[in-house]
Amino acid sequence: MPDGPLIVQSDKTLLLEVDHPSAEQARRSIAPFAELERAPEHVHTYRLTALGLWNARAAGHDAEQVVNTLIEFSRYPVPHALLVDVAETMSRYGRLQLAQDPAHGLVLRTTDRAVLAEVLKSRRTAGLVGARIDESTVTVHPSERGHLKQVLVKLGWPAEDLAGYVDGEKHPIELSPTTHPRTPHEKAAPWEMRPYQAQAVDGFWHGGSGVVVLPCGAGKTIVGAGAMARSGTTTLILVTNTVSARQWRDELVRRTTLTEDEIGEYSGTKKEIKPVTIATYQVLTTKRKGVYTHLELLDARDWGLVLYDEVHLLPAPVFRMTADLQARRRLGLTATLVREDGREDEVFSLIGPKRFDAPWKDIESQGYIAPADCVEVRLTLPESERMTYATAETEDKYRLAASASGKKKVVEQIVARHPDDQVLVIGQYIDQLEELAEHLGAPIITGATTNKERQRLFGAFREGEISRLVVSKVANYSVDLPEASVAIQVSGSFGSRQEEAQRLGRIMRPKADGRTAHFYAVVARDTVDQDFAAHRQRFLAEQGYAYRIVDAEDLDGSPAGSTAP
Amino acid sequence: MASSLPAAPASATRHFADDLRQRSDTALAALLRARPDLAAPSPSTLRSLAARASSRTSLERALARADALTLQVLEAVLALEPVFRAPPGPDTPGLSTPGPGTPGLSTLGPSALGTEVVTRALGGAADDREAVEAAVHLAVEHALLWDAGQGTGPASSPDLRTSPGLDELLGPNPAGLGPHIDPVPDGLAEAVARALGPTPGPPGTGAALDALLAEAPGGARAILDALAWGPPVGVVPAAGTRPRDAVNWLVTAHLLVRSDARHVVLPRLVGLALRDGHTHRAPHTRAPEPQGRSLPAATADAEAASAALELVRRVRVLRRSWDENPPSVLRAGGLGVRDLRRLAAQLETDEPTAAFVVEVAALAGLVRDDGEAPPSYVPTVTDWDDLDDAVRWARLVEAWLTSRRAPWLVGSRDDKGALRAPLSPDLQRPWVPRLRDSVLGVLAEGLDGETVLAPTAGAVVEVLTWHTPRSVPPASAVEGLLAEMEWLGVTGAGALSAPGRELLPAAASHPADVAGALRAVLPHEVDEILLQGDLTGIVPGRPSRQLARLLERAADVESRGAATTVRFSPASVTRALDQGETADGLLDELAHRSPVPVPQPLEYLVRDTARRHGAVRVGSASAYLRAADPTVLAGLEHDPSLAGLGLVRLAPTVLAASVPAAALHEALRSRGLVSALEGPDGRVLVARRGVTGRAMPAPRSAAAIRMGSGSDVATRTPDPESLVAELRAVEAAARAGARARAEAADVAHSVAVPGGGVPLRGYRVVPSMPAGTGTAQEVTSGAAGQAPPASPASTNGSRTAAPGSGAPAADHEPGPAEDDPGTQHPADGLALLRDALRDGSTVIVEVAGHTGRLERRELKPLNLDGGRLRALDPDREAELTIAVHRIASVLPTSSTP
């Protein structure tokens with residue numbers, strides 16, 4: 001296509017011109033194998049990575065399709081070396097296969113003996129494989145299935161896992177056609193999965209195991225419920241924290257045929273094991289005398305499905321445990337595959353390839369998540385604070401800048417601009433948050449708040465009994481606050497991009513009246529706070545959220561509830 | 001000297017020389033063009049031209065350029081030559097006593113060793129004849145073969161002979177055939193003659209052999225077959241074994257010959273019979289087809305375009321980088337490893353590519369050694385920055401096309417173990433241009449309209465091996481050149497691109513055509529940038545020059561290729577502001593080139609950076625003046641008497657001066673202002689004489705060095721046509737007065753000349769000779785003895801050099817017609833020696849003795865090798881060895897008075 005929407009760069013980035021008439025078609029065609037790197041207003045950038053190409057192979061796409069797609073939509077001739085590289089990379093997947101042999105059990109098979117010889121020669125595979133059966137087959141210790149896959153990805157020869165899964169203990173689970181009322185006066189409402197959620201469940205189920213990437217607020221829990229219903233087996237759900245565990249339980253009770261009695265919670269406070277058990281990462285990684293005390297949970301039942309919430313936060317020990325769960329179906333749910341620790345390849349090898357992905361903006365434009373207006377408010381520090389900042393030790397600088405006293409007034413002004421909204425104030429430093437809470441007269445939730453109190457406050461906020469809530473980073477993840485429509489971030493974890501995504505996610509649930517959500521970040525000008533903010537905002541911009549920068553002095557002038565330009 | 005032409009013996013050399021003499025002027029000119037070493041320095045006579053053409057060095061050069069088919073033809077002629085001649089030549093001394101003699105093939109079958117016979121001998125079919133004929137024609141033109149026929153016969157049926165000296169180079173067993181030995185078993189010669197004849201018919205060579213082997217013991221045939229295709233020498237099996245019996249039988253039957261106690265050799269005719277009359281299995285009539293991927297021409301062009309742009313960009317980065325930070329020149333010349341590594345990082349590439357960029361930039365005269373002490377590499381002042389991409393590329397590629405540099409050797413180690421550095425003189429290789437042309441030629445073969453061929457390096461070497469089997473280029477050099485072509489965009493994805501095609505010798509393009517060819521494949525220029533909220537901008541194509549300049553100033557490139565992605569950051573905007581942009585100017589320019597409004601975050605970034613830009617300022621001053629009371633300083637700044645101090649007010653209480661502190665101090669004192677000198681800690685110093693600051697060194701200016709011409713001066717050789725005309729003139733003059741002059745020359749050489757009034761003929765006085773001695777006879781004989789006959793300096797046969805003047809003949813142009821052609825040329829003497837060696841005859845040799853006197857001896861040469869002649873003196877019955885450079889002249893025995 002001489003005038004195509006796509007420009008293929010030799011550094012393996014693909015530039016997609018969004019306003020081009022065939023952009024949508026091109027996007028759908030490249031989505032299976034290219035990772036969306038950023039999606040600003042005009043040109044979206046995708047990247048070809050080895051993992052992405054293997055993901056595509058795992059999903060049944062071959063190199064020829066990929067090459068043809070690139071050539072078809074490219075505006076300029078596609079660099080030859082890139083096409084060769086794509087074909088070469090994709091041909092690496094599947095030359096090794098993990099399979100069940102009727103006589104020898106789990107085996108590693110190859111269609112290319114040289115490859116098998118190469119990987120067996122590597123010191124990293126030593127101890128993971130057993131006896132050589134013939135030239136192209138070698139036995140694999142079933143317990144090392146995960147480790148082997150991990151090593152093979154590192155060696156550049158990812159194995160296709162055809163060994164299948166254990167069926168697991170059957171347990172009937174169905175999606176219920178109407179929601180179960182949470183409170184006596186709530187009415188049961190009919191519901192069904194959104195199209196993209198159903199696609200995600202299908203994608204996962206056909207692939208066997210893998211990861212579904214959906215933006216915050218797009219209903220990942222429902223995808224999980226759908227997968228459970230499809231599986232119809234006992235399920236282990238791993239989540240980040242207790243609050244999130246309770247929300248999962250509530251949602252499952254609301255949307256499926258499961259009852260409270262069938263769902264167990266396995267956390268610091270409760271140790272129930274039921275057909276559906278929700279455990280926290282924290283309890284799994286608890287060590288006593290150097291031993292993981294709760295490992296038996298993984299074998300407590302014959303689980304047919306293991307669900308990982310927020311895969312990008314999966315701690316390293318859980319990875320190791322997951323390596324032993326390779327015979328069970330695994331579903332990872334996340335808003336972003338970006339891991340600040342760069343362990344994307346372990347997610348690929350241990351949980352599975354990406355099975356479904358949808359850009360935020362698409363889901364937003366379909367009305368499933370709320371549109372958001374992002375504003376950075378720049379605060380000029382008063383002379384005295386600037387002096388303190390300039391002479392402070394490097395390690396104290398961020399704290400000083402982030403908890404600048406002027407932010408109190410700015411927050412007050414912003415809150416005043418949104419009298420009718422549910423406002424969350426989010427921050428990093430407890431002192432600052434406590435001050436703010438006092439200043440605004442709003443309740444506060446921090447790590448020190450008891451779970452019961454947290455539940456109560458979140459409940460009250462959801463019901464609209466309180467309209468202002470100050471929260472620390474405990475609320476970053478998996479706290480469902482559908483009615484929050486304004487978030488004010490006063491300080492963050494340095495430049496963490498995924499934290500920014502999570503915080504934005506807090507206000508992205510679609511509003512009953514279709515209101516625009518507002519996300520404010522208050523930063524101190526000319527400090528490291530500003531630099532970190534720039535880093536975080538890059539993520540927002542790359543996700544397609546236009547943001548504006550306003551000076552704190554100009555804040556009064558702009559009308560409340562203004563939308564993004 | 002009596003080696004005058006008419007009296008020469010009827011030797012092969014003589015015939016060869018006659019053949020050359022009979023050639024037309026155009027043919028001679030073609031020969032000189034094909035073998036330029038024959039023309040430089042200019043030969044004096046046609047005879048010395050013939051001698052030079054049959055010298056080992058020149059033949060080696062000629063063979064190095066011969067292709068596989070030509071070599072096959074030469075081998076075939078060489079192998080058949082003795083068996084065509086009757087009786088067989090004496091080139092097999094000691095193997096058998098010359099018997100009554102087998103009749104030569106020429107009396108049995110084909111009358112002459114012509115193209116037909118050669119084609120058949122090569123095992124070629126009828127349709128190979130054309131190729132063989134072309135090869136024969138070329139070999140004759142290059143004087144590797146000559147026509148021993150009547151010379152007037154039709155060109156299609158010559159009687160071919162190899163040029164003298166070729167047998168030495170092609171080895172004793174041409175085409176793996178043994179020597180021609182008499183006697184030949186019955187019927188074999190006839191059978192071979194029939195096989196090579198125009199109508200090959202029964203009985204064939206197989207039948208003839210079968211007849212001979214009818215009574216042979218078992219295993220005899222197997223022994224012959226094993227030796228059939230060479231090497232023709234076998235080891236005699238141990239006595240008493242069955243194979244030994246077979247060998248003995250074969251020797252008795254003259255099918256094998258004992259060469260010494262342990263070896264047997266297969267005679268040539270037997271070998272030919274075993275091969276069915278063929279010297280080769282099949283003729284290599286054409287080069288193998290280069291193997292490789294074929295790809296669409298459009299792909300190659302697109303790849304080439306992006307490579308070309310990338311190279312031009314890298315040269316720009318290189319020049320900028322070296323302008324800011326010139327790397328120093330290594331003591332042995334070249335760029336240091338660390339500088340190369342740093343440059344590679346700046347160019348975002350690996351070191352071999354960076355080395356090539358440096359080399360090609362130097363070739364194009366864009367960077368050079370600044371000549372300072374110590375020297376550094378700096379960019380030169382050129383109009384480079386004002387040219388468009390295509391013209392820049394054309395300049396680089398033109399410079400590369402004639403380069404003799406081998407940058408692919410960078411990083412390897414030389415004989416002493418030192419790393420070869422880019423730009424070092426060590427990388428000069430004279431054969432690079434020739435190999436480059438050959439490689440381009442191979443690439444050009446794969447052109448076929450819509451698709452082009454990308455041959456592998458191995459395939460290119462294979463083709464080149466066919467072209468010059470005796471000088472196969474090293475695979476690493478071919479790979480190096482192919483990589484260079486890829487970096488330049490001469491090839492794209494390994495196949496010759498459209499702009500690359502303009503560089504083929506056949507295209508004979510003007511630089512403007514080359515630039516035009518590249519421009520035709522470059523993507524269109526785009527003059528707009530899509531600005532986005534995440535502070536990036538995308539140019540969806542090749543940026544125009546103005547846009548590229550803007551982006552270079554104000555943004556950092558994130559991704560390059562068909563499109564360019566840039567990111568604006570505080571650092572990049574600061575850079576633009578440093579270069580004199582203003583926030584408004586920058587935003588205006590961006591808005592002007594962006595089809596979408598400038599996003600608010602970008603605008604904010606530019607304004608915010610501009611707000612902070614210049615908040616802290618740096619300048620240079622040599623001294624300062626401060627006072628607690630501003631009124632003290634008031635007026636000083638504008639005082640005309642202090643104007644030379646360069647006072648600038650920095651703050652109410654501080655002035656900066658551009659003169660050293662001491663000078664400032666003095667000047668203020670003389671104006672009546674009592675100042676005190678202050679140390680770095682603010683304490684007052686005790687005034688001492690000689691407390692002076694040091695002026696800030698001026699920033700290094702790297703520019704302003706003109707590029708020298710730097711081109712290699714080619715050796716000047718006269719054009720072949722005029723050289724041939726001169727040779728003819730000499731020839732005519734020689735015929736006119738040969739006799740008289742030959743006698744005169746003889747006298748001149750053998751008789752001591754008193755007084756030095758007679759000009760020395762024949763030998764050039766080497767410049768190192770002591771000048772102005774005036775004693776002519778010593779100089780004469782000494783010079784004659786010491787001038788190395790084979791060295792190029794003396795082979796020019798310069799006409800005159802005044803004895804004792806010590807000045808070499810500066811003028812290589814031939815002298816006037818009265819010049820004496822009878823003086824023997826050293827090469828002629830060598831040719832005579834070689835003939836005598838071959839014929840086993842004696843010659844008269846004049847040798848310079850210990851005292852420098854010439855001694856005349858009659859000798860029978862035994863061996864001529866390595867600059868030494870081993871010969872037998874029949875009179876004294878002694879063997880002696882003479883250094884060739886001491887031989888003054890050689891005369892055939894017959895011509896002695």
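**Where chains A and B meet, and a look inside chain A**

So, the contact between our two chains takes 24 residues from chain B and 25 residues from chain A. Keep in mind that this is a predicted model.

Let's stay on the chain B side for a moment. Which elements give two or more residues to the side that touches chain A? They are helix H15 (297-324), strand S14 (536-539) and helix H27 (600-612), each from chain B. H15(B) has the largest share of that side, with 5 residues. And what kinds of residues do we find there? On the side of chain B that touches chain A, there are 12 nonpolar, 9 polar and 3 charged ones.

Okay, over to chain A itself. We've got 21 helices and 25 strands in this chain. Chain A runs to 565 residues, and 48% of them count as buried. Now take the contacts in chain A with a separation of 6 or more: 71% of those come from residues 24 or more positions apart.

Let me zoom in on one helix, H6 of chain A, residues 145-155. Why do we say that H6 is largely enclosed by the rest of the structure? Because 9 of its 11 residues are buried. Buried here means that 20 or more other C-beta atoms lie within 10 Å of the residue's own. If you want to find them on screen, the buried ones start with Arg145(A), Gly146(A), His147(A), Leu148(A) and Lys149(A), then go on through Gln150(A), Val151(A), Leu152(A) and Val153(A).

One last stop: just after H6(A) sits Gly156(A), with a positive phi of about 90 degrees.

Key
Residues are numbered from 1 along each chain as its sequence is written. Chains are lettered from A and ligands numbered from 1 in the order in which they are written. This is a predicted model: local features need pLDDT of at least 70, side-chain atom pairs count only at pLDDT 80 or more; totals for chains, interfaces and linings use all residues. Two residues are in contact if their C-beta atoms, placed from the backbone, lie within 7 Å. Helices (H or I, at least four residues) and strands (E, at least two) are DSSP runs, numbered from the N terminus. Ala, Val, Leu, Ile, Met, Phe, Trp, Tyr, Cys and Pro count as nonpolar, Asp, Glu, Lys and Arg as charged, and the others, Gly among them, as polar. A residue is buried if 20 or more other C-beta atoms lie within 10 Å of its own, exposed if 12 or fewer, and partly exposed in between; C-beta atoms are placed from the backbone.
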